[in-house]
Amino acid sequence: MPKAELHLHIEGALEPELMIEIGRRNGVELPWPDAESARRAYDFRDLQSFLDIYYRATSVLIREEDFYDLTTAYLRKAASQHVRHAEVFFDPQTHTARGIAIETVIRGIEGALRDAHGNLNLSTKLIMCILRHLSEREGMEIFRQALPWRRSITGIGLDSAERNNPPSKFRNLFELARREGFMTVAHAGEEEGAASVREALDILQISRIDHGVRCMEDERLVAELVRRQIPLTVCPLSNIRLRVFPSMQAHNLKRMLQRGLCVSINSDDPAYFGGYVNENYIEAADALGFERSDIVQLARNSFIASSLDTIQKQLYLNELQRYDEETP
Ligand code: HPA
Ligand code: ZN
C-alpha cells in the first residue's frame, strides 16, 4: 500500500551492522563489540535510556559519506515498503557538538535524498530538529548555521527529552523559524501529558504534532485537534519500546482514529524499536483489530498530513485510491 512516512529520525535508522561497519572504517570505539551485543543493549526503560544509547551510536558518523550511506540505507528500505514520500528528521546539534561541520551532515543526507528521487522514485523533505535538552540560545545558533541551506530544509522540529524541556522554552526560536518561512513541528505528548501538546499548539503554533498520543488526556484539546485537523504522527512500536503504553493492545491509536484525529503511522527510530513503517502498521493492526478501511484511512492521513503541495498530495491520494480499488 502506498504511504508517506512523516516521523523518522535518520540517526534512528542506523542499524547495528552499519554502525559497526562505519565505526570500523572511521576508527571510532564503541561500547559494543558487534551488532548482536548492540542489539541486546536496546532494552529501554523510558525515553532517556533510549536517547543515551542513540546519541552514543551516532558518534561513528563523521564523514559526508557516512551520512550518505545511512540515509541511502533508510530510503532503500522505505521504498521497499512502498513509502512514496518521506519527511526525514535530522539532529545537527548531536554532530556539531562532536566537531562535525553542519555542511558535512547536510551534504551527505541531501545527496542521498537527491539520488533517491531518481533511483527509488520517492519524494522527500528534510526537517531539522532542535534538541530540547539544550538551550534556546544553542538552538538559535544551529538555526543560524543552517540558514545557508534553507532551500534544502522544509521544516524545523523539536525532539529529545520532553521532561523539564517544555515547548515554551523555544518560543522565540519557533517564532523566528515561522517568520523565515519554515513549516514547524514538535514532539509533544510522548513523555509528558496533554499540557505539552497544548503549549506546542498555542505557543509554538506548530502545524503538526509528533507523537501527541497523550492529548487524549484532555477532551477539550482533542476537540480542537479534531476541529482543526492538526496531524499527529504516531509511532506505535516506539511507544511500546519506550513504555508510553504497557502493550500494543493498550495503545490508544484506534481510539484516536475513531475520535476523528488526523493520525498517521510512522517508525520514529526503526533501527532501535524493532521495525520500519510496515511492521508498525502490521503490529498495530493485529493488536488493535483494525479494519481494512482503518488502515487505508491511516495511509490517506499520512499524505494529507505531509508538507507536500496540494497537487502532489492529490496524485499520491489517487494512487492510494487506485491501490484500494484494485487490491483484493
Ligand atoms: N522522542 C524524542 N526525541 C527523539 C525521539 C523520540 O521519540 N527519537 C529520536 N529523538
Ligand atoms: Zn521521534
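Q: A polar contact is a pair of N or O atoms within 3.5 Å; at what distance does a polar side-chain atom of E190 lie from a nitrogen atom of ligand 1?
A: In this predicted model, a polar side-chain atom of E190 lies 2.8 Å from a nitrogen atom of ligand 1, which is within the 3.5 Å cut-off. A polar side-chain atom of D269 is found 2.7 Å from a nitrogen atom of ligand 1, while S160 comes to 2.8 Å from a ligand nitrogen with a backbone N or O atom.

Q: How much of the area that ligand 1 exposes when taken alone does the protein bury?
A: Taken alone, ligand 1 exposes 260 Å², and the protein buries 100% of that. As for its place in the model, ligand 1 sits in the largest cavity.

Q: Which residues are around ligand 1, and which helix gives the largest share of the shell?
A: The residues around ligand 1 include H9, L47, F50, L51, Y54, H187 and H211, together with S160, E190 and D269. Helix α3, which covers residues 47-57, contributes the largest share of this shell, with 4 residues.

Q: How is a pair of aromatic rings described?
A: Such a pair is described by the distance of the ring centres and the angle of the planes. In this model the count comes to 12 aromatic pairs. One of them is formed by F44 and F273, whose rings are edge-to-face, 6.2 Å centre to centre and with 90° between the planes. The pair links distant parts of the chain, for F44 is in the loop between α2 (35-41) and α3, whereas F273 belongs to helix α13 (residues 270-273), 229 residues apart.

Definitions and conventions:
Residues are numbered from 1 along each chain as its sequence is written. Chains are lettered from A and ligands numbered from 1 in the order in which they are written. This is a predicted model: local features need pLDDT of at least 70, side-chain atom pairs count only at pLDDT 80 or more; totals for chains, interfaces and linings use all residues. Side-chain values use heavy atoms; hydrogens and water are left out. A residue is near a molecule or strand if one of its heavy atoms lies within 4 Å of it. A polar contact is a pair of N or O atoms within 3.5 Å; within protein, one must be able to donate a hydrogen and the other to accept it, and residues adjacent in sequence count only if both atoms are side-chain atoms. Accessible areas come from the Shrake-Rupley method with a 1.4 Å probe; for residues, only the protein chains shown count as cover. On a 1 Å grid over the protein atoms alone, a cavity is a set of points where a 1.4 Å probe fits but cannot get out, and a pocket is an open set with protein on both sides within 12 Å along at least five of seven lines; lining residues have an atom within 4 Å of a point. A molecule sits in a cavity or pocket if more than half of its atoms lie within 2 Å of its grid points. Helices (H or I, at least four residues) and strands (E, at least two) are DSSP runs, numbered from the N terminus. Rings of Phe, Tyr and Trp (its six-membered ring) pair if their centres lie within 6.5 Å; planes under 30 degrees apart count as stacked, over 60 as edge-to-face and the rest as tilted.
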